[in-house]
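Please look over the sequence and the structure below before reading this briefing.

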Amino acid sequence: MNRTTLSLIAAATALAAVTGFAAVSAPDASETTATAKTPARLPVERSSLLCPAPSTSELAETAYTSFTPAGTEGAGTGGAAELAPSVTLLDDTAADDEKKTDDKADDGTNDDKAKEPAADGADAKVKPFLALKEPGKPVSGTKNASDAPALVGTATGPLAPGWTTQQTTTVTAGDARGLLGVTCTAPDSDFWFPGASTDKSRQDYVHLTNPDDTAAVADVALYGKEGTLKSDTGESIPVPARSSVPVLLSTLTGEAEPNVTVHVSTRTGRVGAVVNAADEKIGGDWLAASADPAPRVVLPGVPADATSVRLVVFAPGEDDAELKVELAGKSGTIVPAAAAETLNVKSGMTASLDLEDVAKGEPGSVLLSPAEEAGETPVVAALRVVRGKGADQEVAFIPATGPVAERATVADNRVKGSTLSLAAPGKTGKVKVTASAGSGGGEQVVKTYTVKGGTTQAVAPPVPTGLKGSYALTVEHESGGPVHAARTLAVTQDGVPMFTVQTLPDDRGMVSVPATKEDLSVLK
């Protein structure tokens with residue numbers, strides 16, 4: 001086997017292991033006239049998504065929206081993108097599913113026809129809950145029950161590049177009250193969650209979902225302000241094939257800590273991981289994983305009316321971090337009064353900083369960078385954000401997120417209550433935003449935004465013409481400096497300002513592979 005062929009296979013294998021995208025196509029002969037040193041940009045051919053079980057509340061109402069952006073060059077034709085209940089949970093609830101739940105899908109996939117046997121050997125009796133038919137048009141469905149299962153899905157062909165699914169749950173009462181939103185995750189082997197808690201006032205579960213036909217084994221480590229929290233049960237947690245396992249963090253340790261960093265890693269296999277955080281006083285939301293450790297961190301999307309903002313940071317390496325904390329607002333970047341001094345983060349310990357009402361009527365983004373003369377120490381970070389006062393408070397979480405390198409998408413946007421935050425921490429950047437057709441009809445609308453360096457723009461996003469249903473927003477980087485993005489959904493329920501924030505990391509729908517004049521479809 002020659003070296004060029006090995007390089008292509010290595011690129012595809014690495015991509016599958018890191019992102020959950022399992023395949024890329026070899027360059028077409030007509031596209032490989034460049035030298036072997038010039039990489040080709042190719043769309044992924046297969047991707048996976050995992051949605052956690054939404055809620056145990058009898059009052060839960062969950063909406064799902066699935067979408068793939070149109071116009072990916074070289075993506076081909078055909079393909080499929082389907083989400084189906086995880087096998088283990090389905091086995092327990094299938095007999096009563098139609099009696100206990102009110103399930104429907106806008107695209108008509110919830111019919112009586114059984115799903116054909118899956119190529120990967122999945123249970124042939126498992127019918128898809130949500131199936132995407134074409135790029136550029138979202139599909140949506142609902143599931144209203146306390147026993148709604150986790151969903152496992154795969155997209156192939158032109159539906160794979162940039163495939164995303166939003167899960168949004170409304171719970172009107174109880175400890176988990178709130179608008180709980182999460183972008184379904186790709187499987188991986190390593191996740192960091194600063195901002196979790198084992199405090200008595202919190203009920204935080206980390207949901208581990210296995211997309212594969214073989215069991216996975218995961219470790220869950222907890223870190224507080226003094227370092228590792230002692231645990232006898234956090235190692236070697238089995239996650240059966242195509243199943244989901246929720247783990248209550250407070251059962252892993254006897255130490256009650258208000259600010260905890262959770263590290264999920266796998267010994268074998270891969271999982272999707274996300275934390276469901278519920279506070280008895282201020283409701284709950286999903287806490288998504290932080291971006292990979294980095295010395296400079298951006299947390300976009302702090303609402304203008306935030307009444308309390310807490311920053312939680314963890315340094316996973318061997319070195320301590322000395323960080324400057326700034327807020328990029330509408331007109332520029334400032335150092336908040338609460339962050340007048342640098343934030344010291346000891347290696348292996350969780351640090352927190354209460355920024356209080358840092359926004360002060362202006363939407364913004366929190367920026368972390370090495371303090372003057374400090375080292376470039378990688379960190380992970382998240383914000384706990386509260387809106388409202390007294391008994392009418394609601395919480396959401398904003399993890400650190402990377403820039404939109406090429407393209408990123410968030411689904412389930414609505415005519416009212418959607419806000420798009422765009423932050424340019426360095427140089428001025430320009431992005432194109434496409435509002436897709438609606439799940440029930442409408443025509444896409446495109447708008448461009450120029451974000452001045454050191455600022456955050458919070459805008460009401462464009463709305464499709466003749467919109468029916470919900471729609472997706474796709475952000476594409478056009479020029480200038482890096483731009484980070486987040487979307488806020490807000491709904492007021494009985495005086496409570498419910499909200500949830502989803503960041504928009506790059507969708508990594510394209511990958512660079514070696515270009516060559518040789519035929520790579522045959523191993524030599």
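Helices (H or I, at least four residues) and strands (E, at least two) are DSSP runs that are numbered from the N terminus. S244 belongs to one such run, strand β16 (residues 244–248). The model is a predicted one, in which local features need pLDDT of at least 70 and side-chain atom pairs count only at pLDDT 80 or more, while totals for chains, interfaces and linings use all residues. Residues are numbered from 1 along each chain as its sequence is written, and side-chain values use heavy atoms, with hydrogens and water left out.

**Two buried residues**

- S244 is buried (under 20% relative accessible area, where exposed means over 50% and partly exposed lies in between, with a 1.4 Å probe and protein chains only), and the relative accessible area of S244 is 12%.
- The side chain of S244 makes a polar contact with the side chain of T209 at 2.9 Å, a polar contact being a pair of N or O atoms within 3.5 Å, of which, within protein, one must be able to donate a hydrogen and the other to accept it, and residues adjacent in sequence count only if both atoms are side-chain atoms.
- The side chain of S244 also reaches the backbone oxygen of L208, at 3.5 Å.
- V358, in the loop between β25 (350–356) and β26 (364–370), is buried with a relative accessible area of 9%.
- From C-alpha to C-alpha, V358 and P303 are 9.9 Å apart in space, although 55 residues separate them in sequence.

**The sheet that contains β30**

- Two strands pair if DSSP finds at least two bridges between them, and an open sheet of 4 strands with antiparallel pairing has the order β34-β30-β37-β38.
- β34 (455–459) and β38 stand at the edges with a single partner strand each, so one side of each is left without a neighbour in the sheet.
- The twist from one strand to the next averages 20°, where axes are lines fitted to C-alpha atoms (for helices over the stretch in contact) and angles run from 0 to 180 degrees between N-to-C directions.
- Strand β30 (residues 418–424) runs antiparallel to β34 and is joined to it by 5 bridges; in β34, L422 has Q457 as its bridge partner, and L420 stands opposite V459.
- On pairing with strand β37 (residues 484–493), β30 forms 6 bridges in the antiparallel sense, and the bridge partner of A423 in β37 is H484.
- Because 6 of the 7 residues of β30 are buried, β30 is largely enclosed by the rest of the structure.

**The sheet that contains β29**

- An open sheet of 4 strands with antiparallel pairing has the order β29-β36-β31-β33, and its edge strands, β29 and β33 (445–451), each pair on one side only.
- In this sheet the twist averages 25° from one strand to the next.
- Between β29 and strand β36 (residues 471–480) there are 5 bridges in the antiparallel sense, and A408 has V475 as its bridge partner in β36.

**The largest pocket**

- The largest pocket is lined by 46 residues, of which A186, A289, P505, D506 and R508 lie nearest its centre.
- The elements that give two or more residues to this lining include α1 (3–19), β2 (39–51), β29 (407–413) and β38 (496–503).

How values were computed
1 Å grid on protein atoms, 1.4 Å probe; cavity = no way out; pocket = protein on both sides within 12 Å on 5 of 7 lines; lining within 4 Å.
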